[in-house]
Number of protein chains: 2
Amino acid sequence: MSRRTSDSQKLFSAAAGGDRGSLARLLSLIESGGDEAREIGRLSFPLTGGGYSVGITGAPGAGKSTLTSAIIGNLRGGSTSGAPNVAVLAIDPSSPFTGGAILGDRVRMQDHATDEGVFIRSMATRGHLGGLSLATSEAMRLLDAMKYQWILVETVGVGQVEVEIAGAADCTIVVVNPGWGDAVQANKAGLLEIADVFVINKADRAGVTETRRDLEQMLELSELDANAWRPPIVATIATSAEGVDELWSHVLRHRAFIESNGDLNTRRTGRLRKELNTIIESKLEQRARAICSGPRWKSLEDQVLSHNLDPWNAADQMLERILEGPLQGPGE
Amino acid sequence: MSRRTSDSQKLFSAAAGGDRGSLARLLSLIESGGDEAREIGRLSFPLTGGGYSVGITGAPGAGKSTLTSAIIGNLRGGSTSGAPNVAVLAIDPSSPFTGGAILGDRVRMQDHATDEGVFIRSMATRGHLGGLSLATSEAMRLLDAMKYQWILVETVGVGQVEVEIAGAADCTIVVVNPGWGDAVQANKAGLLEIADVFVINKADRAGVTETRRDLEQMLELSELDANAWRPPIVATIATSAEGVDELWSHVLRHRAFIESNGDLNTRRTGRLRKELNTIIESKLEQRARAICSGPRWKSLEDQVLSHNLDPWNAADQMLERILEGPLQGPGE
């Protein structure tokens, strides 16, 4: 382990010196979890706080990747000197039925692949879902430590995990399209709760007015506090970058708002608290896997399989072992 | 707890005596988890083994509910005396963007609501995902103990959890539609791996031949063992029950096949083993929640929030506490 740890440290130093290959390798280590991920987190943690994260979420096909690409174009402008560094994490919890479109979208974003000030990375995991949100937090932290001023976190779909991940940014953009009752869907999905800015993308299509009205109505119904941020609704055509300037001005306005009223701090604190919880859960799960092996386990399992012991009782008997032995050690 | 336990026992006896209201309440208790669910599992466990479970999965809109309804019609026939009892669990992990269609579909299935030999129930949870698969196993066990000969488990979408749940049945039917490259999607989704029978539903639409050919090709590529079950491909029009007889004959043929070669036993054993694992994980998570409270937790949390301690170290320090105190007790 000490050898690997020292590898992480070398990669970390190289990445901090601007080596993109090392940064990419660090992100792969984070993605696969394990001791290296932890070491990278430890190295990143003290260096964070300068970056600002923006989550971008919405139904598949809403145009999130194109919008993200347009936002990058906007942030990087014509000249690259003095422009802020931008990192993009495209999060894909490997929902099987969205697999098709992803590569194509990512390719589109590669407009910016040659820009040294832009770093784009997909993250996925087929493992435990808590693993993806932990890896995302850790990746965001690393990118923050590497002095990316803007960290865009785009999620591929609108499953529970993706909504959670996108909602865990400093600012969350929810993308809907005109028509198809998207506004209502957004409400159901809990997107209304996490939205700081609404985007009606593909605004060259019919139905923008109705969608805007639906969103407005839902905002009315949610009875926002007088002092609360009221999510603006921006129409965009991401393919031609139309409306992206306006969108970004709202993101900046929102940032100023939550920086001045203390909400940004509250959000970040809440996020860290939740992460700590998830880490503890995942460590206990690791322990569970270690427990579920060895001869004692085999014998209890046999009793369950022969229907002489119910699984809940077997679990209790097995869990008594958690009070014995070291936390990281094998079960038997 | 002893009072509640005795309630579960009363409900269990009443349900075993044929009271559907009591059965519904038991399923609600299972859905909400907790001690009652456990007690119900303990009561069910020795009585199980007679029922046979069939998972039905596929993309939203593939016609799974209509097909399920047609299968019920087929199993119950014209006469109800002597026909097998059928239970349906419709599993909905509350994927936010599928919310709309569900009620409508369920209503359609209520064709059979007045049939005493048919029991239909939706199950959902917004809690931890392991919770849904545990609750589903427990519900299947209860229905088995209540002497339902066929237990149909229909999942609403094709997320990871849903595929897992549908794949954990004795026989799994994967439903696709003609056209839209569904066959390819099925492959991506890992549906090919779990399919025992393929259904091309809505076979009155164009593209049946192509979809069948795609599926055949994928089966070729998967290089099945000579002794292995080769999933048949059946075309159905669920709305008019066309093809459902043939579909069911394949389910019966598959059942005879895995009963005779020992696969059924292997499947059930594997499922029970996995469930035991999930129970242990969920109990450890419960323990994690208990740990994450109290003054010691607060102080570590404060150190993390002030960036004086990284979350992984904090988690380790907190987890030392797992070696102290009773397993079910509060953390501090």
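Which residues does Val199(A) touch, not counting residues up to four places away in sequence? In this predicted model, the list runs to Leu67(A), Ile173(A), Val175(A), Val234(A), Thr236(A) and Leu247(A). Val199(A) itself sits in strand S6 of chain A, which spans residues 197-200. It counts as buried because 29 C-beta neighbours fall inside 10 Å, and the cut-off for that label is 20 or more. Val176(A) is 23 residues away from Val199(A) in sequence, yet their C-alpha atoms are 6.2 Å apart in space.

**The sheet in chain A**

Now for the sheet around that valine.

**How the two helices meet**

What about H4(A) and H11(A) relative to each other? Helix H4 (residues 64-76) and helix H11 (residues 244-260) of chain A have axes that come within 10 Å and cross at roughly 75°. That angle makes H4(A) roughly perpendicular to H11(A), since 65 to 115 degrees is the range for that label. On the H4(A) side the meeting residues are Ala70(A), Ile71(A) and Asn74(A), and on the H11(A) side they are Val244(A), Asp245(A) and Trp248(A). By type, the residues of this contact split into 4 nonpolar, 1 polar and 1 charged.

**Strand S1 in chain B**

Over in chain B, how many of the 7 residues of strand S1 (residues 52-58) are buried? The count is 7 of 7, so to speak a mostly covered strand by the burial cut-off of 20 or more C-beta atoms within 10 Å. Both faces are covered: one side carries Tyr52(B), Val54(B), Ile56(B) and Gly58(B), and the other carries Ser53(B), Gly55(B) and Thr57(B), all buried. In a regular strand, side chains alternate between the two faces of the sheet.

S1(B) has parallel pairings with two strands of chain B. With strand S4 (residues 150-155) of chain B there are 5 bridges, and Val54(B) has Leu152(B) as its bridge partner in S4(B). With strand S5 (residues 171-176) of chain B there are 5 bridges as well, and here Thr57(B) stands opposite Val174(B).

Chain A has an average pLDDT of 81, and 81% of its residues score at least 70. Residues 95-105 of chain A stay under 50, and for them the model has 20 contacts beyond four places in sequence. Residues 325-332 of chain A are also below 50, with 18 contacts in the model beyond near neighbours in sequence. Where pLDDT is low, the predicted coordinates should not be read in detail. For the model as a whole, the scores are ipTM 0.71 and pTM 0.65.

Technical notes
Residues numbered from 1 in each chain as written. Chains lettered and ligands numbered in written order. Predicted model: local features only at pLDDT ≥ 70, side-chain atom pairs only at ≥ 80, totals over all residues. Helix = DSSP H or I, 4+ residues; strand = E, 2+ residues; numbered from the N terminus. Buried ≥ 20, exposed ≤ 12 C-beta atoms within 10 Å, placed from the backbone. Contact = placed C-beta atoms within 7 Å. Pairing = 2+ DSSP bridges. Axes fitted to C-alpha atoms, helices over the stretch in contact; angles between N-to-C directions. Parallel < 35°, antiparallel > 145°, perpendicular 65-115°, else oblique. Nonpolar A, V, L, I, M, F, W, Y, C, P; charged D, E, K, R; others polar. pLDDT = per-residue confidence, 0-100.
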